Amino acid sequence: GPMTVGEFAKLLHREASEIIKKLLFLGVMATINQEIDTDAMELIASEYGVELVVKEPVDEEAIDMLVEADNPEDLVARPPVVTIMGHVDHGKTTLLDAIRKSRVVATEAGGITQHIGAYQVEVGGRKITFLDTPGHEAFTTMRARGAQVTDITILVVAADDGVMPQTVEAINHAKAANVPIIVAVNKIDKPEANPDRVKQELTQYGLVAEEWGGDTVFVNISALKKEGLDQLLEMVLLVADLQDLKANPKARPRGTVIEAKLDRGRGPVATVLVQNGTLRVGDIVVAGTTYGRVRAMTNDLGKRIKEAGPSTPVEIQGLGEVPSAGDLFVVYDDERAARQLVQKRTNREKAEQMQTTARVTLDDLYRQIQEGNVKELNVIVKADVQGSVEAIVGSIEKIDVAGVRVKVIHRGVGAITESDVALANASNAIIIGFQVRPDTNAARAAEEHKVDIRLYRVIYDVTSELESAMKGLLEPEF
Ligand code: GDP
């Protein structure tokens with residue numbers, strides 16, 4: 001149920017007696033096991049310089065939803081978490097491997113790296129955490145589940161190939177998530193490399209190099225020859241400094257599941273990224289719809305560790321089941337509460353699966369606009385030729401119905417792909433296809449996630465149908 005005085009005291013790292021005294025000053029007589037109301041909590045917390053955000057309604061998940069604004073003196077700088085994205089074959093995997101091999105945090109264990117889904121490197125005494133899955137599938141899957149783990153994206157663009165469709169996709173994914181981009185212009189060892197062309201091409205997508213008056217960092221590298229990597233990593237730290245990334249090692253540990261699997265010998269194992277607090281062996285962890293006591297923790301060097309602080313990726317054993325990538329985890333004080341929460345979530349998940357989600361569809365758009373759920377209609381545009389893409393984008397961006405506007409979050413030439421659907425799912429967007437169709441995987445994913453895909457053959461139909469949908473005048477589809 002709601003929090004007791006004792007639990008609240010613990011949350012604030014104070015003696016219960018001290019809180020009871022404060023309550024007395026507020027005219028509230030309370031004992032340690034008594035429930036404390038939200039107003040009193042907020043008042044007392046503010047006296048300690050802590051801001052509580054209590055999301056209504058307060059229920060069994062009170063602890064989970066209670067966000068402790070950390071004492072400023074507890075906050076420490078944390079390593080940035082970096083994702084590498086870019087077009088296929090532009091060198092993402094090579095770069096991830098090169099960085100890992102050259103800069104593995106030295107340990108007495110010798111440093112045989114294990115693939116756990118993320119790793120850390122050390123640069124001038126500071127750490128950087130890399131998510132080890134190249135491409136934007138992982139990134140988008142996590143964001144679709146409400147997880148925000150990436151602080152910086154390195155966009156790899158091959159200097160001999162230039163900006164390609166997945167380069168643009170990656171840019172749009174990063175932009176949709178508000179994550180800063182560092183451009184790594186790769187393969188500069190190749191004779192046909194033309195880094196300036198890459199720079200030129202990227203200006204079209206709002207990525208303008210500093211020397212050209214913009215604020216995007218570009219670094220020329222060769223992942224293969226391991227050139228420019230030091231500079232790239234320094235730039236990561238520089239961009240991280242601008243973000244002032246901090247966390248509180250003393251806070252209730254929480255974070256995100258990066259990947260998980262069932263191991264034949266060890267049972268469910270999950271790589272989690274600790275985002276706040278310090279995770280320890282013995283902690284009771286709730287992750288998505290599973291929970292358990294952390295039996296063992298292994299770092300990216302395959303070394304057993306006892307605790308993991310902010311931005312540290314660590315593989316944990318002890319969960320009852322395999323969680324999903326993107327699930328949030330949080331440490332609970334008490335196993336019974338953890339079990340209850342998981343039970344509740346499981347029930348809710350079942351109930352939700354019965355209903356359709358509040359996803360934007362054209363048929364439902366008018367109602368959602370009326371209810372104030374939609375202020376901006378996110379749209380992805382795919383067409384057979386570039387000219388059509390631009391024509392459609394140009395005309396639908398002019399639509400303004402009762403203050404609701406169309407925002408094109410991604411555009412491209414070619415079939416509608418699974419990645420388009422993933423982006424639509426994560427950003428609550430609809431997909432417009434002009435003279436193109438979804439491929440099999442995209443169709444299946446759209447079906448599964450209830451993403452609305454609309455196919456057209458006449459440009460005029462696109463604008464008129466969007467406008468009608470926004471005005472609630474859409475003819476029902478049969
Ligand atoms: P990914 O699909 O983006 O992960 O690309 P990979 O890392 O698999 O690289 C694709 C190909 O490009 C491989 O044959 C790499 O050896 C090659 N490659 C990657 N980086 C470089 C580079 O800096 N220079 C050259 N010449 N080749 C590279």
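# A guided tour of the model

Select Lys187: this residue lies in the loop between strand S8 (181-186) and helix H8 (195-203). Keep in mind that the model on your screen is predicted. Now check the backbone of Lys187. Its phi is positive, about 65°, although Lys187 is not a glycine. Why does that deserve a look? Most residues other than glycine have a negative phi.

**Along the loop to Lys190**

Stay in the loop between S8 and H8, and select Lys190 there. Lys190 counts as partly exposed, because its relative accessibility is 32% and that class runs between under 20% for buried and over 50% for exposed.

Which distance separates the C-alpha atoms of Lys190 and Asp160? They sit 7.2 Å apart, while the two residues are 30 residues apart along the chain. Now show the side chains. Those of Lys190 and Asp160 are joined by a polar contact of 3.0 Å.

Jump to Asp244. You will find Asp244 in the loop between helix H9 (229-243) and strand S10 (246-247). Asp244 is not a glycine, yet its phi is positive, at about 55°. Is Asp244 buried or exposed? Asp244 is exposed: its relative accessible area is 52%, and the cut-off for that class is over 50%.

**The ligand**

Next, select the ligand and display what surrounds it. How many residues surround the ligand? There are 15, and the closest are Asp89, Lys92, Thr93, Thr94 and Asp189. Colour these surrounding residues by class.

Now zoom in on the oxygen atoms of the ligand.

- Thr94: a polar atom of its side chain lies 2.5 Å from a ligand oxygen.
- Lys92: here a polar backbone atom is 2.8 Å from an oxygen atom of the ligand.
- Leu224: a backbone N or O atom lies 3.2 Å from an oxygen atom of the ligand.

Switch to a surface view. On its own, the ligand has 580 Å² of accessible area, and the protein covers 74% of that.

**A pair of rings**

Hide the ligand and look for aromatic side chains. A pair of aromatic rings is described by the distance of the centres and the angle of the planes. How many aromatic pairs does the count come to? It comes to one. Select Tyr119 and Phe130 to see this pair: the ring centres are 5.6 Å apart and the planes meet at 25°, so the pair is stacked. The cut-off for stacked planes is under 30 degrees.

Follow the backbone from each ring. Tyr119 lies in strand S5 (residues 118-123) and Phe130 in strand S6 (residues 126-131), so the pair ties together parts that are 11 residues apart in sequence. Tyr119 is buried, at 2% relative accessibility. Phe130 is buried too, at 0% relative accessibility.

**Two buried loop residues**

Go to Asp151 now. Where is Asp151 placed? Asp151 is in the loop between helix H6 (137-144) and strand S7 (152-158). Asp151 has a relative accessible area of 9%, so it is buried.

Show the side chain of Asp151. One of its polar atoms lies 2.7 Å from the backbone nitrogen of Val81. Then select the other contacts. Leaving aside neighbours within four places in sequence, Asp151 is in contact with Arg78, Pro79, Pro80, Val81, Val179, Pro180, Gln243 and Leu245.

Where is Ser311 found? Its place is the loop between strand S17 (307-308) and strand S18 (313-319). Ser311 is buried, with a relative accessible area of 2%.

**Zoom out**

Finish with the whole protein chain in cartoon view. The secondary structure comes to 15 helices and 24 strands. The chain has 478 residues, and 49% of them count as buried. The protein chain exposes about 22900 Å², with 49% of that supplied by carbon and sulfur atoms.

One last number concerns contacts in the chain. Among contacts with a separation of 6 or more, 70% come from residues 24 or more positions apart.

Methods
Residues numbered from 1 in each chain as written. Predicted model: local features only at pLDDT ≥ 70, side-chain atom pairs only at ≥ 80, totals over all residues. Heavy atoms only, no water. Near = heavy atom within 4 Å. Polar contact = N/O pair within 3.5 Å; in protein donor to acceptor, adjacent residues only side chain to side chain. Areas by Shrake-Rupley, 256 points an atom, 1.4 Å probe, with all protein chains shown as cover. Helix = DSSP H or I, 4+ residues; strand = E, 2+ residues; numbered from the N terminus. Buried < 20%, exposed > 50% of the residue type's maximum accessible area, 1.4 Å probe, protein only. Phe/Tyr/Trp six-rings, centres within 6.5 Å; stacked < 30°, edge-to-face > 60°. Contact = heavy atoms within 4.5 Å.
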